[in-house]
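Visitor: Could you pick one buried-or-exposed case in this model, look at it up close, and then walk me out from there to the rest?

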Amino acid sequence: MSLLPELRYPTVTEIVASARALAAQHPGLCALRQIGVSRAGRPLHLLSVGRARRAVLVVAGAHANEPTGGSTLLTVAERVVHERQLRSGISWHFLLCADPDGASLHVTPAPRSLLDYHLGFFRPAGPEQPEWSPAVLPPDRLPPETLALTGVIDELRPYLQVTLHGTDLGGSWVQLTKEIPGLAEPFAKSAAELHIPVETGASDAAGWPTTGPGVHVMPAAGAGLAYPSLPADDARHSTWYHVHRYGGLTAVVEVPMWASDLVDDPAPHPAPAAAMRRLAGRLLRDTLQVERVLSDASPRLDGVDGPLLRAARWALELVPGLAADWTYTPPAGHTMAYVGSVDAFARRLPLRAAAMLLRVLHETDDRAAPRLERLVATWSEAFADRFRARWVPLEHQVEHQARTVFAAALHARDQSA
């Protein structure tokens, strides 16, 4: 019997309940324990399967708005329990949700459309994200979720950490902190079988070397950034690199909720620099519309604070530097896929800020809410139309991510043997 609720993403409570049931059914093999608490006092749970010294750590829920990882984690755990060969010489450990506070604020477990998804949207500001906080905060200010994660890494010393991420609209790709030879082939085969496009020019991995379509390897320390205005977005300062002190590596597996073939086109773009300038201009114009609503509402929001408002402001603050990067820095990619990925990013950033600000305005019954409602609805529809978005069935999202986890574990194990 599957651990997954049908046709929707499970809540953190459901994920923990499923993990607890699995541990109760297999007490000699599985163990569930609390490894810390969130800033709001929510427990952080780790499910372990097997006791072998060589370990794989799987992390879900690092970004609240990327819900597929929780479903994938349960699927992987269930298969590891029931298929002995998957745990031959390996113990598996599952951080059920790295940010339960964030998960409590993202409230669209079964989105019917991009608009529905954004009406319940939440993604924390960078300093409040467990994996990214080390890039922007000093060690003595790291949140407890980050300390719990790095503490588990210190304890387990995994040869592989897999962190399960996702995107609202686009394709699938993998980011590696070190190369995993042989991973590109099973990744591509899985995506093709499940009709999921591969994001060959992912803006998140702009300028990184690749070992195959959609499989990106992070540049060595000292390499320049494709977007100089975002030094805090340097993955080399994130928790992904914490495993390197023990000889391990991290694989970040991204899968889309809605797919678009526009991010899977390797053909050369006829004028990438001009396209980037146009996208920068639209990003600035869209952001200005959100900033005008925020400026109008700010006097009435005096004294209002919270993660939604902080996250909206943080997203807006990223825009000027990013637009300058796209305008004045040579493009990090020259394919139709790369320009398509940047186009999606340029739509996504102001839309997310608007969506989170809208939730604040609804909570305060502010008169500026209807104006922002129209923007969120219009931009969500335009995003879906431009990219010809098609829903990826949840079971396909989960299956592709799970297959990639197992392929990464197998090939990384052979590499480190």
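Guide: Let's start with tryptophan 240, which counts as buried because its relative accessibility is 3%; buried means under 20% relative accessible area, exposed over 50%, and partly exposed in between, with a 1.4 Å probe and protein chains only. Keep in mind that this is a predicted model, where local features need pLDDT of at least 70, side-chain atom pairs count only at pLDDT 80 or more, and totals for chains, interfaces and linings use all residues. Residues are numbered from 1 along each chain as its sequence is written, and side-chain values use heavy atoms, with hydrogens and water left out.

Tryptophan 240 sits in the loop between strand 8 (215-217) and strand 9 (249-259). Helices (H or I, at least four residues) and strands (E, at least two) are DSSP runs, numbered from the N terminus. Leaving out residues up to four places away in sequence, tryptophan 240 touches Glu131, Trp132, Gln161, Thr163, His165, Gln175, Thr177, Met218, Ala235, Thr250 and Val252, where contact means heavy atoms within 4.5 Å. For a sense of distance, leucine 351 is 111 residues from tryptophan 240 in sequence and 27 Å from it in space, C-alpha to C-alpha.

Serine 341 also counts as buried, since its relative accessible area is 2%. You'll find serine 341 in helix 9 (residues 336-363), and its contacts, again skipping residues up to four places away in sequence, are Glu199, Gly201, Ala202, Ser203 and Val263.

Zooming out, buried residues make up 58% of the 417 residues in the chain. Of the contacts between residues at least 6 apart in sequence, 80% join residues at least 24 apart. The chain has eleven helices and ten strands. Its radius of gyration is 21 Å, close to the 22 Å from the globule rule for 417 residues, so the chain is as compact as a globular protein of that length; the radius is taken over C-alpha atoms, and the rule is 2.2 Å times the number of residues to the power 0.38.

On a 1 Å grid over the protein atoms alone, a cavity is a set of points where a 1.4 Å probe fits but cannot get out, while a pocket is an open set with protein on both sides within 12 Å along at least five of seven lines; lining residues have an atom within 4 Å of a point. Grid points are joined across faces, edges and corners, and a volume is the space filled by probe spheres set on the points. By this rule there are three cavities of 30 Å³ or more.

The largest cavity has a volume of about 40 Å³, with Val12, Val16, Pro43, Leu44, His45, Leu96, Cys97 and Pro100 as its lining. Strand 2 (43-49) gives the largest share of that lining, three residues.

The second largest pocket holds about 300 Å³ and is lined by 21 residues, with Pro10, Thr11, Val12, Pro67 and Ala103 nearest its centre. Helix 1 (12-25), helix 2 and helix 3 (100-105) each supply at least two residues of this pocket's lining. As for helix 2 itself, 13 of its 15 residues are buried.
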